[in-house]
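Please look through the sequence and the structure first.

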Amino acid sequence: MIFLSRHAAMPLLLCLMAVAPSVVPAQDVAGTNKDSGQLGEVVVTAEKRQETVNNTPLAITALNMTQLQDAGVNTISELTASVPDLQIHTEGLVDFVGVTIRGVSNLVYLPYGNPAVATYIDGIYVDPPVGFSNDLYDLERVEVLRGPQGTLYGRNATGGNLNVITAEPKSTFDANFDMSYGNYNDVMAHAMVNVPVSDTLAIRAAVMNHRSDGYFSTDGDTSRNYGAADDTGARVTGLWTPTSSFKWRLSFDGYEANGTPSASIITGTNGMPVNGLSPYHQPAYADPEPSNYVQNGAIRSRMELKLTDNLSIAYIAGYQHTLFNYVYGTLGQVGAPATPPGTEAAQQNHATTQGHEVDLNWDSDKLKNVVGATYFGENVGWKTQNEIVNENYSSLTDTALYQREVYKESWGAFDQATWSPVTDLHLTGGVRYSHDRQVQGKYQVLSCAFAPSLEQVQLLTTASPLCAPPHGVITTPAAGGKWSKVNWKAGVDYDVTDTALLYTSVTTGYKQGGVQPGLPAIFPSTYKPEEMTSYEAGTKLRLLDHTLNVRLTGFFEDYTNIQQSQLDFVNGLPLILTANAGVAHIYGGELESEWRPTTADYVSGFLTWLHARYDVFNNAVDPRTSALIPSLAGSQLPNAPDISARLEYHHDFSLPNGGTITPMVAPYWQSSSYSQPLNVAVYHIGSYSKTDLQLTYAAAAHWKVAAYVQNVEDRAVRTSDFTLQGRVYSDFNPPRMFGVRASYQY
């Protein structure tokens, strides 16, 4: 496996810098042609075949590398302000990235949880969503599919899909390099070289490095701040095309992070730290020293064989092994740094996943059909040591290195076809059968009396005096569950003209059930899959001689058996409990547009309206007090603001030397929302704006230099929280960030 050290990657980064000596025309924003002033077409593969965004009959946003960089998106966790009805929430202390689309969320950050939005890299399903805030570099595009995608993608696509497509090797030489420096000593560098080795083989190599001091300062109380980065990644991709009918794409991807977790800070009803200090300046108790280590290696392969002019077959496979270990203490306690944190913990994790898919694709004028079968397997293990307010928990080694084990397996078979009885009318139907299995092994927890430090907690054993009765070993038995589901899709789309598409569809999706063994009888030992049926209609228009794109979507989603989780104490142990909460009806509209009024101007933006409320949510539990709440009907779903809007504007000023100066402004605003189903003040996230600015100088060839400011307002915005023993611990977005970036394109 290709785990990558930062020391090994730096020479490679310097080598890639050295091979980039000349130029091709500068890249513009995605899908635009500066010379003609027209907006080009962005090709996507959301329906497992190549189509343009404007011809794909579903709600989809695609962003290329230039757009991501202009929007200040360097990690998945920064996508919120760039895509309609998308919210990214983090539990920084465990490096967890959760994705919410149209109010459908995943709030379970432990390895046995399952997401409600499926994430794929180059067609391979990614799980667990820990370490996925990895820096984005050398990408073809990011596709965000809104609404359930159960037919083509199967399990855990209740809310939609996030598809990351890395850049493919090309048949011509290419290279680029960029480096940025910002406040908090934030240094980021990327480099790429693409080499056509022969007429049939091309190799593309890319590297990245990111370091920063961290913007959650402990004012010197710990050796490193929270939120510090020390990340290195490398990817090598080969494309072999020995014949015109066969090609094989193979990539090796390595990543290593040696930073610190983001801060989780005790907050009050005003959403700010209870100690009255800024979230970005928090004194910290000296124990523990924060650390966040992620080591990831992946191999991804795609083979395609064209059998006839209309028929092709593809085999996609991937293997990934991840280690993710962290140590943290919460911040914000009154009396710090003398006062110990409310909770501190260390966790050691590993995950091994594999995925396989075979697709048979028929493509003709009258019929387009993809038939496929999929398999996914995952083994996750972890052990945890906690110190929580005068009571400690230290994991015991059972029969393996990692004390808790979860195994997940999923099989699926699907068929989706689009038939065109006449040239402009297209009828789509699809069906999928999925079968899922999850097993959680027996595990033991050692409960002990208070120890002076987390380091001493990690050394506790059954022989330790602190663990003598009435403390001791608590054993939880093994348990498992199986679930099967049939999903389907039906749709109609009509090309009113060559530049106007109307579509409507009904689609379904589901998120698999789960197990939670060893709970008292009042708690369910398993919970059922959650399900979604979505009704959607929209139009996609290319107007004013292809200088204006308009995409408008309306939707209604019937969301049932919603899985709701919360952290609570059971038998003296901190556990995440999950139950099927009830029903929600979600509806709204999304407007998305790009416009090039002149060859020098570019405008894009979106406006969304979302109504996401629980219709049924009986016997809810207050996370702060564990008190039973008879009903939360009418409450807003987490991370589901009613309104969000973004506008981006560029103007190119031409210079006598052939260069250009391009200012960019990108304001974003969203209405208030809640981080939890319980809509009370402490979980309220107020409405906020976030404005990004950028000024770019592009030479006539080769170079670009840009100055940027992100979050001009310097607003501290909560992204998520968890509640433990009555305290609410919140994560916050970055403060104002500014810096300069230089890039060189061969």
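The sections below cover the basis of the model, its nonpolar cores and its disulfide.

## Basis of the model

The model is predicted, with local features needing pLDDT of at least 70, side-chain atom pairs counting only at pLDDT 80 or more, and totals for chains, interfaces and linings using all residues. Residues are numbered from 1 along each chain as its sequence is written, and side-chain values use heavy atoms, leaving out hydrogens and water.

## Nonpolar cores

A nonpolar core is a set of buried Ala, Val, Leu, Ile, Met, Phe, Trp, Tyr and Cys residues joined through side-chain atoms within 4.5 Å; buried denotes under 20% relative accessible area, exposed over 50%, and partly exposed in between (1.4 Å probe, protein chains only). The largest such core has 22 residues, of which Tyr559, Ile586 and Leu637 touch the most other members. Strands β32 (548-560), β35 (582-595) and β36 (601-621) each contribute at least two residues to this core, and β36 gives the most, with 5 residues. Strands (E, at least two residues) and helices (H or I, at least four) are DSSP runs numbered from the N terminus.

Beyond its neighbours within four places in sequence, Tyr559 has contacts (heavy atoms within 4.5 Å) that include Val104, Glu530, Ile586 and Leu637. Another core, of 21 residues, lies apart from the largest one and has Leu68, Ala71, Val73 and Val97 among its members.

## The disulfide

The count comes to 1 disulfide, defined as a pair of cysteine sulfur atoms within 2.5 Å. This disulfide joins Cys448 to Cys467, with an S to S distance of 1.9 Å. Cys448 is in strand β25 (residues 443-448), whereas Cys467, 19 residues apart, is in the loop between α4 (454-457) and β26 (472-476). The link of Cys448 and Cys467 is right-handed, with 90 degrees about the S-S bond, and both cysteines are buried.
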